[in-house]
Amino acid sequence: MAHKLVLVVRTDLDMGRGKIAAQVAHAAVAAVLAAQHGRDFRAWLLEGQPKVVLRAGSAGELSQIAADAQAAGLGAELIRDAGRTQLAPGTLTCCAIGPAENSRIDAITGGLALL
């Protein structure tokens with residue numbers, strides 16, 4: 001079974017490329033720290049740590065995706081900005097789902113477009 005980590009980024013915030021990169025990095029680190037002792041995590045590491053970055057159009061959509069992932073038993077790490085540069089403190093920017101089996105993540109994120 002193949003595994004991946006999915007990162008979902010809000011596109012309605014008009015974040016710059018560097019800001020998006022930083023927020024996605026925060027989400028990836030949070031997901032790794034939360035999952036580091038699990039079976040899916042070990043498999044994901046051995047498979048080369050595949051990652052996919054997808055789009056969400058609003059805070060509501062992003063929150064719902066994370067809630068759906070958690071309800072399905074998947075790890076979901078929401079990221080809120082510290083407010084030091086482009087965004088107000090506490091702005092929900094992205095989330096990480098997984099790492100987990102592709103099919104389990106695709107059941108939640110399969111309809112989202114690539115960033």
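Since the model is predicted, local features need pLDDT of at least 70 and side-chain atom pairs count only at pLDDT 80 or more, while totals for chains, interfaces and linings use all residues. Residues are numbered from 1 along each chain as its sequence is written, and side-chain values use heavy atoms, with hydrogens and water left out.

Helices (H or I, at least four residues) and strands (E, at least two) are DSSP runs numbered from the N terminus, and two strands pair if DSSP finds at least two bridges between them. Four strands make up an open sheet with mixed pairing, in the order S2-S1-S4-S3. Strands S2 (51-56) and S3 (76-80) sit at the edges, each pairing on one side only. On average, neighbouring strands of this sheet are turned by 20° against each other, direction ignored; axes here are lines fitted to C-alpha atoms, for helices over the stretch in contact, and angles run from 0 to 180 degrees between N-to-C directions. Strand S1 (residues 3-10) pairs with S2 in the parallel sense, over six bridges. Arg10 stands opposite Ala56 in S2.

Next come the helices. Helix H1 (residues 17-35) lies across S1, S3 and strand S4 (92-101), at about 40° to S4. Helix H4 (residues 102-109) lies across S1, S2 and S4, and runs at about 145° to S4. Contact means heavy atoms within 4.5 Å.

Then there are the cores. A nonpolar core is a set of buried Ala, Val, Leu, Ile, Met, Phe, Trp, Tyr and Cys residues joined through side-chain atoms within 4.5 Å; buried means under 20% relative accessible area, exposed over 50%, and partly exposed in between (1.4 Å probe, protein chains only). The largest core has 17 residues, of which Leu5, Leu7, Val9, Met15, Ala27 and Ala96 touch the most other members. S1, H1, helix H2 (39-46) and S4 each give two or more residues to this core, and H1 brings the largest share, six residues. Ala27 touches Leu7, Ile79, Cys94, Cys95 and Ala96, not counting residues up to four places away in sequence. Another core, of 16 residues, lies apart from this one and includes Val8, Ala66, Leu74 and Leu92.

Finally, Asp40 sits in helix H2. Neighbours within four places in sequence aside, Asp40 is in contact with His3, Pro99, Ala100, Glu101 and Arg104.
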